[in-house]
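The following exercises concern side-chain pairing and packing. Please work through each task before reading its solution.

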Amino acid sequence: MAPGAHHRSNWVYMDHAFGPGRLVFDQLVVHGTAEELLRDWQASREPVSDWLAGAEDADLSAERPSHLGGTRTAGEVMRILIDEQTHHGAEIALLRDLYLRR
């Protein structure tokens, strides 16, 4: 996977689980600046938050298509996406702190 591509998997997960299911990694833009990457990373959280805000308990059990093949429950898709956001947010904070203290 290309540098910076990990957060972009959010777009692919959401497209396959809750959209038309046509988005592939090669279609995603590789950003040239940290600012562009951060904006896109932040924007990739919005569909996750929006879906969760409107979801009911039963929605989490619904089977959704997966770009990995087969299906996953909506709850599993959300867990993976939240885990990815937490993981990459921590990486960004660490890199920021290391950069500021170099």
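**Exercise 1. Identify the salt-bridge partners of Asp97, and state how exposed the residues involved are.**

Solution. Step 1: apply the criterion, namely a side-chain nitrogen of Lys or Arg within 4 Å of a carboxyl oxygen of Asp or Glu. Step 2: Asp97 forms a salt bridge with Arg101, with the closest N and O atoms 3.9 Å apart. Step 3: the side chain of Asp97 also meets that of Arg96 in a salt bridge, at 2.9 Å from N to O. Step 4: classify by relative accessible area, where buried is under 20%, exposed is over 50% and partly exposed lies in between (1.4 Å probe, protein chains only). Asp97, at 29%, is partly exposed; Arg96, at 47%, is partly exposed; Arg101, at 62%, is exposed.

The model is predicted: local features need pLDDT of at least 70, side-chain atom pairs count only at pLDDT 80 or more, and totals for chains, interfaces and linings use all residues. Residues are numbered from 1 along each chain as its sequence is written, and side-chain values use heavy atoms, with hydrogens and water left out.

**Exercise 2. Describe the salt-bridge network that includes Glu76.**

Solution. Step 1: the network links Arg72, Glu76 and Arg79. Step 2: within it, Arg79 and Glu76 pair at 4.0 Å, N to O. Step 3: both of these residues lie in helix α3, 3 residues apart, about one turn of the helix; helices are DSSP runs (H or I, at least four residues), numbered from the N terminus. Step 4: Glu76 is partly exposed, with 26% relative accessibility. The total count of salt bridges is 4.

**Exercise 3. Is Ser44 buried or exposed, and which side chains does Ser44 contact through polar atoms?**

Solution. Step 1: Ser44 belongs to helix α2 and is buried, at 1% relative accessible area. Step 2: a polar contact is a pair of N or O atoms within 3.5 Å; within protein, one must be able to donate a hydrogen and the other to accept it, and residues adjacent in sequence count only if both atoms are side-chain atoms. Step 3: the Ser44 side chain makes such contacts with those of Asn10 at 3.0 Å and Gln85 at 3.3 Å.

Conventions. Helix = DSSP H or I, 4+ residues; strand = E, 2+ residues; numbered from the N terminus.
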